[in-house]
Amino acid sequence: MLGECLENVRLTTPLVHNITNYVTVNDVANVLLACGGSPIMSDEPEDVADITSICGGLNINIGTLNKRTIEGMYAAGRKAKELGHVRLLDPVGAGASKLRTETAVGLMKEVEFDVIRGNISEIKTLALGSGTTKGVDADVADAVSENNLEEAIAFVKRFAKDVKAIVAVTGAIDLVTDGDKCYVVRNGRPEMGRITGTGCQLSGLTTAFAVANPDNKLEAVAAAVCTMGLAGEIGYANLKDGEGNSTYRNRIIDAIFNMTGKMLDDGAKYEVR
Amino acid sequence: MLGECLENVRLTTPLVHNITNYVTVNDVANVLLACGGSPIMSDEPEDVADITSICGGLNINIGTLNKRTIEGMYAAGRKAKELGHVRLLDPVGAGASKLRTETAVGLMKEVEFDVIRGNISEIKTLALGSGTTKGVDADVADAVSENNLEEAIAFVKRFAKDVKAIVAVTGAIDLVTDGDKCYVVRNGRPEMGRITGTGCQLSGLTTAFAVANPDNKLEAVAAAVCTMGLAGEIGYANLKDGEGNSTYRNRIIDAIFNMTGKMLDDGAKYEVR
Amino acid sequence: MLGECLENVRLTTPLVHNITNYVTVNDVANVLLACGGSPIMSDEPEDVADITSICGGLNINIGTLNKRTIEGMYAAGRKAKELGHVRLLDPVGAGASKLRTETAVGLMKEVEFDVIRGNISEIKTLALGSGTTKGVDADVADAVSENNLEEAIAFVKRFAKDVKAIVAVTGAIDLVTDGDKCYVVRNGRPEMGRITGTGCQLSGLTTAFAVANPDNKLEAVAAAVCTMGLAGEIGYANLKDGEGNSTYRNRIIDAIFNMTGKMLDDGAKYEVR
């Protein structure tokens, strides 16, 4: 059950090393604390191997990459692979620039991620070597919908098999697959797209869930995706008159803080295909 | 009407490339989403040309500049100029250090900004080559007030003409001018100065407004300034007992999220001189 | 009285130069504004000497250090020492990596800090040259408790004498000492550990308090520690149903914003040993 995956995070306090962008890093840290994990950030090439060694997982997000931090990503990724730690890639903006696409592709080869989480445009870029990423948001033309669901599932399964990773494509409908089984998740609210960094937060959360559930990573990633979506629903329901996206951000993290395994089991909306 | 400038942002979702400081960057992103725009951040010299190419505007803020990001600012600025994109400069701390003053002056020459937005001490530094910037806040002695308004308007108009840009000087009274017309804006609350980054947020917002109103940039900048000030008033009115500057930050962004063109037209307090 | 130390911050608006991590920097800035101080951030080696010169104090936090910012820390520290400004070190993660430990130790020698503020694992690392820092949180085995209080006080006093600094060790029980007198503070809530950056915020706050109370630094540091803990208690009491760590963060900063000297005097829980 997905709820147990959440409870395992709370029981084991996984320490997650994040090399992430400076836009949403504070929210990533607070989401990790909200779910029961513990965050640490370090991106200096000379610091990352020591730091990742004391962690259980590594979350690499290329949202505000630079030459120095890219070097840090490779160094941390290699060390985490050597130690058998969980490794997650969030290829923010892959397809929007040559440097981002090349960095994501290069890291995939070298680090061999356990989990790749992005929007559909980013994942298409990684799968096809091209994409139509509109900034850091998915292109509308790419979006997974009820109309193209069958085809989208087949595409994501194929990519997951190719890269030997669990792939989570998030959007209005979320897909989580290891190439065989695919969780189709229908939690969440469209208003979450009006907050910066819900994707980045989910990547941190997902890393913690995967670390805390080593024998059950696919279900753990699906549980993280459902947790974020359900928190988006609860947070939205908790909004008061006059509140908007800035308070909504807080209410989503608060909802994760207060979520129990039972709440997640009751609120998760998914099917397995 | 100013309200139409806001509505145009919501209708066109301008994508804004921000090279901004790491202190307030998350709020800048959420303000851009609140007003209906879409933010992307990138400061690596090898990444910025690609990123700015897919955007409509570029917001450069020197609040935590370093040698690498300065190079990124020049590269992005040149590309945005080549493409005819809206370019805004927020010269945070110009006058407080040699590096900041020189960077702001150098960027102005090279990038030829459409809009320059700062506090009066920063603008005086750019105009006179010297200033009395007290950290990142304006010096009290410089402040625009009802007593020196005439003189301040003349000064800002002259500077705008000299640099061929729209200049927005924000403080207790805001001035927005293209050298001919000057909007004198009296929205806002003094308590906004107790939140970090309301100026940075306004710079992001202003860029989005200018991109969405290409034939009407002066009015668009005035509309952005009124939007921020009005949101400060609404957010303040929404504060509950025991709330302070941290919650106030959220309530201001929330107010922008919920603002309509009509609300802006009804609430904007300005005269044209 | 501690309340007077807070009132002195509000009366003098100390300008604090922060070289701090990008995870919690926004909260550090808002806490400084909440208490009545004024923050400025700058970490570029060529910028820091100018910036620190116009400030009253320097807050160095190594939470996301890199080669360039380490150079900035040394340059700023040397300048601040030359000018006789208040200098505070927050050795985030000392003991968790070689680079962090060496940087903290090297800065201590070169900069001669007035105040060092960290958790017990970090302070043990600095004192003993080794530690068991678990990421950025203190190791449970190290924690100061009623059982080992006597021993912990003696240890911290000895370290403070050795390094000729005021040392603040924060945790469930906080210790603040100059080597002779030791304030034992019992304000705060365990839930503060579920928010990222309450330690970083306290370091910013402490710098402002020390700047505003030049003849009374030990009491000023104790006042800052009590202010943070008391704000944690007030913020917690102000939490509404369904709120969690993200909103709690705001409510703590709000509580500092609204705190008076009298509230601090009434709410501070400490003894001097």
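Analyst: Copies of a chain are superposed by least squares on the C-alpha atoms of residues with pLDDT of at least 70 in both. The model is predicted.

User: What rotation superposes chain B on chain A, and which residue of chain B has the C-alpha nearest the axis?
Analyst: Chain B is superposed on chain A with an RMSD of 0.0 Å and 0.0 Å of shift along the axis, by a rotation of 120°. In chain B, the C-alpha nearest the axis lies 3.6 Å from it and belongs to B:Tyr22.

User: What percentage of the contact residues of chain B recur in chain A?
Analyst: Contact here requires heavy atoms within 4.5 Å. The copies use different surfaces, and the share of contact residues of chain B that recur in chain A is 12%.

User: Which strands are the edge strands of the sheet in chain B?
Analyst: The sheet of chain B is open and has nine strands in the order 2-1-3-4-5-6-7-8-9, with mixed pairing. Each edge strand pairs on one side only. In chain B these are strand 2 (38-41) and strand 9 (270-272).

User: What angle does helix 5 of chain B make with strand 4 of chain B?
Analyst: Helix 4 (residues 67-82) of chain B packs on the sheet and touches strand 1 (15-19), strand 3 (57-61) and strand 4 (86-90), with its direction at about 155° to that of strand 3. Helix 5 (residues 98-111) of chain B also packs on the sheet, touching strand 3, strand 4 and strand 5 (115-118). The direction of helix 5 makes an angle with that of strand 4 of about 170°.

User: In chain A, which residue of strand 7 is the bridge partner of A:Ala168?
Analyst: Chain A has an open sheet of nine strands with mixed pairing, in the order 2-1-3-4-5-6-7-8-9. Within chain A, strand 6 (residues 166-169) and strand 7 (residues 174-177) run antiparallel and are joined by three bridges. The partner of A:Ala168 is A:Val176.

User: At what angle to strand 4 of chain A does helix 8 of chain A run?
Analyst: Helix 8 (residues 198-212) of chain A lies across strand 1, strand 3, strand 4 and strand 5 (115-118) of that chain. Helix 8 runs at an angle to strand 4 of about 165°.

User: What area is buried between chain B and chain A?
Analyst: The interface brings 33 residues of chain B into contact with 30 residues of chain A. Carbon and sulfur atoms give 47% of the buried area, which is about 2600 Å².

User: Which residue of chain B forms a salt bridge with A:Glu243?
Analyst: A salt bridge needs a side-chain nitrogen of Lys or Arg within 4 Å of a carboxyl oxygen of Asp or Glu. The rule finds three across the interface of chain B and chain A. In the one with A:Glu243, the closest N and O atoms are 3.5 Å apart, and the partner is B:Arg251.

User: Which element of chain B gives the most to the side that touches chain A?
Analyst: Helix 2 (25-35), strand 2, helix 3 (45-53) and helix 10 (245-257) of chain B each supply at least two residues of that side. The element that gives the most, with seven residues, is helix 2 of chain B.

User: Which residues of chain C lose the most area to chain A?
Analyst: Between chain C and chain A about 2600 Å² is buried, with 46% given by carbon and sulfur atoms. Three residues together make up 23% of what the side of chain C buries: C:Tyr22, C:Arg194 and C:Asn245.

User: Which element gives the largest share of the side of chain C that touches chain A?
Analyst: Helix 5 (98-111) and helix 10 (245-257) of chain C are the elements that give two or more residues to that side. The largest share, five residues, comes from helix 10 of chain C.

Note on methods
Residues are numbered from 1 along each chain as its sequence is written. Chains are lettered from A and ligands numbered from 1 in the order in which they are written. This is a predicted model: local features need pLDDT of at least 70, side-chain atom pairs count only at pLDDT 80 or more; totals for chains, interfaces and linings use all residues. Side-chain values use heavy atoms; hydrogens and water are left out. Two strands pair if DSSP finds at least two bridges between them. Helices (H or I, at least four residues) and strands (E, at least two) are DSSP runs, numbered from the N terminus. Axes are lines fitted to C-alpha atoms, for helices over the stretch in contact, and angles run from 0 to 180 degrees between N-to-C directions. Buried area is the accessible area (1.4 Å probe) that two parts lose on being put together, summed over both.
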